[in-house]
Amino acid sequence: MHIRDANADDALAIATISVEGWRRAYRGIIDDAVLDGRSIEKSRQHWGEWIQDLKRRGDRISVADDGMGRVVGFASYGANRDAENGFGAELYAIYVIPGRLGQGIGTLLMREMARWLEAHAYEDVVVWCLKANPSCAFYERHGARQVAERTIEVGSQVLDELGYGWHALAPLKEG
Ligand SMILES: CC(C)(COP(=O)(O)OP(=O)(O)OC[C@H]1O[C@@H](n2cnc3c(N)ncnc32)[C@H](O)[C@@H]1OP(=O)(O)O)[C@@H](O)C(=O)NCCC(=O)NCCS
């Protein structure tokens, strides 16, 4: 397994992981119609543009490559989009393919994120997670503390989100 910078050719793999991961993570939390309404093809276009946008802005999207050319996870991160909470960097999204959960791939992606953020002069990082998402425990396991709360609209639902923050990157680099 190695972690590398994503390129435009990864858009389909990233879209597949995000759509499948999203449906799996949010079934029972987000309405089925919203979950099932998101297509891989539409998502591929979105990710293709997002990969270019991230690079233009100097932010980053990393993929976990299983060594046989198969992308099994990704993480995107960079400048915080909500300066109000005081954190310099933000983890925008992290997903591991459903068949490879719990094998340390998410941890490898977090480690690479911490290294990259530190190399780009960031000192801290925040991530937003739906309160009902069991993956909040992944962030807690990596030493994050709950630092903020907000609501977001998803389709016709209003859902609670928790902000998890790391005030230092060093512990994350060790994973
Ligand atoms: C969150 C996610 C990326 C973690 O990736 P992963 O490769 O499964 O995580 P790891 O194997 O590196 O796990 C590291 C630790 O976190 C714990 N952990 C990971 N996911 C967890 C979960 N959903 N619930 C509870 N604990 C979890 C693991 O048990 C492990 O702890 P351990 O070292 O004590 O055994 C993955 O679960 C995922 O893709 N979730 C769905 C998408 C999602 O919700 N993303 C976050 C959006 S905010």
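Helices (H or I, at least four residues) and strands (E, at least two) are DSSP runs, numbered from the N terminus. The model is predicted: local features need pLDDT of at least 70, side-chain atom pairs count only at pLDDT 80 or more, and totals for chains, interfaces and linings use all residues. Residue numbers start from 1 along each chain, as its sequence is written.

**View 1. Confidence along the protein.**
The score here is pLDDT, the predictor's confidence in each residue, from 0 to 100. Its mean over the protein is 95. In all, 99% of the residues reach 70 or more. Confidence is highest in strand β3 (residues 71-79), at a mean of 98. It is lowest in helix α6 (residues 170-174), at 88.

**View 2. The sheet.**
Two strands pair if DSSP finds at least two bridges between them. Here 7 strands form an open sheet. Their order is β1-β2-β3-β4-β5-β7-β6, and the pairing is mixed. β1 (2-5) and β6 stand at the edges, each with a single partner strand, so one side of each has no neighbour in the sheet. On average, neighbouring strands are turned by 25° against each other, direction ignored. The axes behind such angles are lines fitted to C-alpha atoms, for helices over the stretch in contact; angles run from 0 to 180 degrees between N-to-C directions.

β1 runs antiparallel to strand β2 (residues 60-65). The two are joined by 4 bridges. Look for H2, which stands opposite D65 in β2.

**View 3. The β5, β7 and β6 end.**
Strand β5 (residues 125-130) pairs with strand β7 (residues 157-166) over 6 bridges, in the antiparallel sense. In this pair, V127 faces Y164 of β7. Strand β6 (residues 145-154) also pairs with β7, antiparallel, over 9 bridges. There, A148 stands opposite G163. β6 and β7 form a hairpin, with 2 residues between them. G155, in the turn, has a positive phi of about 60°.

Helix α4 (residues 105-119) has 15 residues. From its first C-alpha to its last it reaches 21 Å, close to the 21 Å expected at 1.5 Å a residue. That expected span is 1.5 Å times one less than the number of residues. A residue is buried if 20 or more other C-beta atoms lie within 10 Å of its own, exposed if 12 or fewer, and partly exposed in between; C-beta atoms are placed from the backbone. Buried residues of α4 include I105, L109, M113 and W116. A121 lies in the loop between α4 and β5. Its phi is positive, about 70°, although A121 is not a glycine. Most residues other than glycine have a negative phi. Is A121 buried or exposed? A121 counts as exposed because it has 8 C-beta neighbours inside 10 Å.

**View 4. Around the ligand.**
How many residues surround the ligand? There are 19, and the closest are G106, T107, S135, A137 and F138. A residue is near a molecule or strand if its C-beta atom, placed from the backbone, lies within 6 Å of it. α1 (11-26), β4 (89-96), α4 and α5 (136-141) each supply at least two residues of this shell. By class, the shell has 10 nonpolar, 8 polar and 1 charged residues. Ala, Val, Leu, Ile, Met, Phe, Trp, Tyr, Cys and Pro count as nonpolar, Asp, Glu, Lys and Arg as charged, and the others, Gly among them, as polar.
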